[in-house]
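This note is written for a colleague who is meeting the structure for the first time. Please read the points with the sequence and the model in view.

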Amino acid sequence: MRSLARIALTLLATALPVAAAEQTDFPLTLDRAVERFLQRNLAVEAARHRVDVARAEQLAARMRPNPTVTVAAENLRLSGPTSAGELYEVGTTYSHPIELGGKRARRSSVADATVAVAEAQLADTLQRRLLDLKRAFYEVLLARHAVEQAARSRQALDELVTLNETRFRAGAVAEGEAIKARVERGKAETALAQARLELQQAGIRLLDILGESDFTAAGRIEGDLTAPPAPATDLQALRALALQRRPTVIAAEQTAALATHRIALEQSRRTPDVSPSVGYRRVGENNTVLFGISVPLPLLDRNEAGIARARAEARAAEAELALQRQRVLAEVEAAYRAWESARERLAAFDQGLLRQAEESEAIARAAYREGAIDLLPYLEAQRTRAEVRQQYLKALFDARTSLSELEYAAGSEVPR
C-alpha cells in the first residue's frame with residue numbers, strides 16, 4: 001500500500017509542474033484520460049498534501065525539546081543605606097528539559113502511524129477517483145453508440161418517408177401512410193437530439209473529473225465498448241484479496257494501530273519531565289555557580305483524561321475497522337454479482353439474439369417494400385432491433401463498469 005501511495009505521489013509530483021502549461025490532447029483514450037487525471041484531479045492533490053502534512057508532523061515528532069537560557073538581574077538598588085555592590089545579583093542559567101517515560105519514541109510511533117494512515121487514504125482516494133473516471137469514460141462511449149444508433153434509425157426513417165411519399169404520389173398508398181412515416185421520422189429526430197445532448201453531458205462530466213474548464217471537446221474520445229475477459233479467480237479469493245489490499249481496510253487498520261500508539265503516548269505523559277539547570281551568578285563582588293533541577297509534581301493531574309480519550313478513540317477505531325471489513329466484503333459481493341449478471345446477458349446476445357433482431361428488421365423492411373406487410377409491423381421490427389441493440393450496448397457497459405468496480409472493491413487488478 002505504501003508503494004501504491006509513493007507511485008501516486010511520484011506521478012503527481014512529476015505531472016503537476018507542467019499541467020498548467022499543457023493542453024489536453026483530443027480525442028481522448030482511456031490511458032490518456034488516466035494520465036490527465038493524475039495531473040489535474042483536485043481530490044487526489046488534496047490527499048497528497050495531507051500526506052505532506054503528516055510527514056511534516058513526523059519530522060516534528062522526532063525533535064528533542066529546546067534548551068532554555070535565562071539572563072537575570074536582581075536586587076538592583078533604588079534607595080537605601082546599603083551600597084549597590086553589596087546587593088545586586090546578576091547571572092545566566094542554562095536548563096535543558098529531559099523527556100522521561102519514552103515520550104519521544106512513542107510520539108514518533110504516533111507520527112509514523114499517522115503517515116501510514118494518510119498514505120492509505122491517498123491510495124483510496126486515487127482508486128476511488130480512477131473508478132469514477134473509468135465509469136465516466138464508458139458512459140461517453142455508451143452515449144456515443146446511442147447517437148450512432150439514433151442516427152441509423154433516423155436514416156432508415158428518412159428512406160421510409162421518401163418511399164411512402166413516392167408511393168402516395170403514385171396513388172399506391174393512402175396519405176395516412178405517408179403521414180405516419182413522417183411522424184415516426186419526427187420522433188427519431190427528437191431521439192437523435194436527445195442522444196446528442198446526453199453525449200455532450202457525459203463528455204462534460206468526464207472533462208470535469210479531469211479538471212478541465214473548456215468543455216468544447218466533450219465527447220471526443222477514442223475507444224469502443226468490448227466484452228472484458230472474465231476474472232480468473234472466484235468470489236472467495238476476491239473477498240480475501242479485498243481484506244488484504246483494499247485501501248479503506250488498510251486505512252482503518254492503520255487508524256486502529258494509530259489509536260493504540262496514542263494510548264501508549266498518553267500513558268507515558270503521566271511521567272513528568274525534569275529540567276536540570278546550571279548557571280553562573282555574581283552576588284555583589286562574589287562569583288558563584290548555580291545548580292538546580294525542576295521536577296513537576298503530578299499530584300492533581302496524571303493525564304487521566306488524555307488516557308481515557310485515547311482508549312475511547314481506540315474502541316471507535318476497532319469498530320470502524322470491523323465496519324469497513326464488512327462493507328468491503330459487501331461491495332465485492334455486489335460487484336461480482338453485477339459482473340455475473342452482465343456476463344449472462346452478453347451470453348444471450350452471443351447466442352444470436354442481436355443477429356436475430358437485425359435479421360428480423362431486414363426481413364420486415366424488405367417485406368414492406370414489396371407490400372407484403374403493413375407499416376406498423378415494419379416499425380415494430382425496427383424498434384425491436386434498436387431496443388435489442390441498445391440492451392446489448394448496455395450489457396457491455398455494465399460488464400466494463402462492474403469489472404472496474406470489482407477491481408476497486410478488491411483493491412487491485414483482478415487476475416484474468
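1. Basis of the note. This is a predicted model, in which local features need pLDDT of at least 70 and side-chain atom pairs count only at pLDDT 80 or more, while totals for chains, interfaces and linings use all residues. Residues are numbered from 1 along each chain as its sequence is written, and side-chain values use heavy atoms, with hydrogens and water left out.

2. The buried side of helix H6. Helices (H or I, at least four residues) and strands (E, at least two) are DSSP runs, numbered from the N terminus. In helix H6 (residues 235–245), the buried residues are Leu235, Leu238, Leu241 and Ala242. These residues are on the same side of H6, because they cover an arc of only 115° around the axis. The arc is that of the directions from the helix axis to the C-beta atoms. Buried means under 20% relative accessible area, exposed over 50%, and partly exposed in between (1.4 Å probe, protein chains only).

3. The surroundings of H6. Against which helices do the buried residues of H6 pack? They pack against helix H7 (247–268), helix H8 (304–369) and helix H9 (375–410); contact here means heavy atoms within 4.5 Å. The exposed residues Gln236 and Gln244 are carried on the face of H6 turned away from its buried side.

4. A nonpolar surface patch. Val69, Val71, Tyr94, Val278, Val289 and Phe291 make a nonpolar surface patch of about 640 Å². Patches are made of residues with over 30% relative accessible area and no salt bridge; like charges are joined within 9 Å, and nonpolar side chains (Val, Leu, Ile, Met, Phe, Trp, Tyr) within 5 Å. Accessible areas come from the Shrake-Rupley method with a 1.4 Å probe, and for residues only the protein chains shown count as cover. At least two residues of the patch are supplied by each of strand S1 (68–74) and strand S4 (286–294). Val69 belongs to strand S1 and counts as exposed, at 56% relative accessibility.

5. Side chains of opposite charge can pair when their charged atoms come close. A salt bridge is a side-chain nitrogen of Lys or Arg within 4 Å of a carboxyl oxygen of Asp or Glu, and a search of the whole structure finds 31 of them. One of these joins Asp124 and Arg128, with the closest N and O atoms 3.2 Å apart. The two residues are separated by about one helical turn, because they are 4 residues apart in helix H4 (residues 103–169). Asp124 is buried at 9% relative accessibility, whereas Arg128 is partly exposed at 30%.

6. A salt bridge between two helices. Asp158 and Arg185 also form a salt bridge, and their closest N and O atoms are 3.8 Å apart. Asp158 lies in helix H4 and Arg185 in helix H5 (residues 175–209), so the pair ties together parts that are 27 residues apart in sequence. Asp158 is partly exposed at 26% relative accessibility, and Arg185 is partly exposed at 28%. Elsewhere, a network of salt bridges links Arg135, Glu139, Arg205 and Glu405.

7. Two buried polar residues. Asn303 is placed in the loop between S4 and H8 and is buried, with a relative accessible area of 17%. Its side chain is joined to that of Glu266 by a polar contact of 2.8 Å. A polar contact is a pair of N or O atoms within 3.5 Å; within protein, one must be able to donate a hydrogen and the other to accept it, and residues adjacent in sequence count only if both atoms are side-chain atoms. Gln324, in helix H8, is buried at 12% relative accessibility. The side chain of Gln324 makes a polar contact of 2.8 Å with the side chain of Glu320. Apart from neighbours within four places in sequence, Gln324 is in contact with Thr248, Val249 and Ala252.

8. Leu375. Not counting residues up to four places away in sequence, Leu375 touches Leu160, Asn164, Glu177, Lys180, Ala181 and Tyr368.
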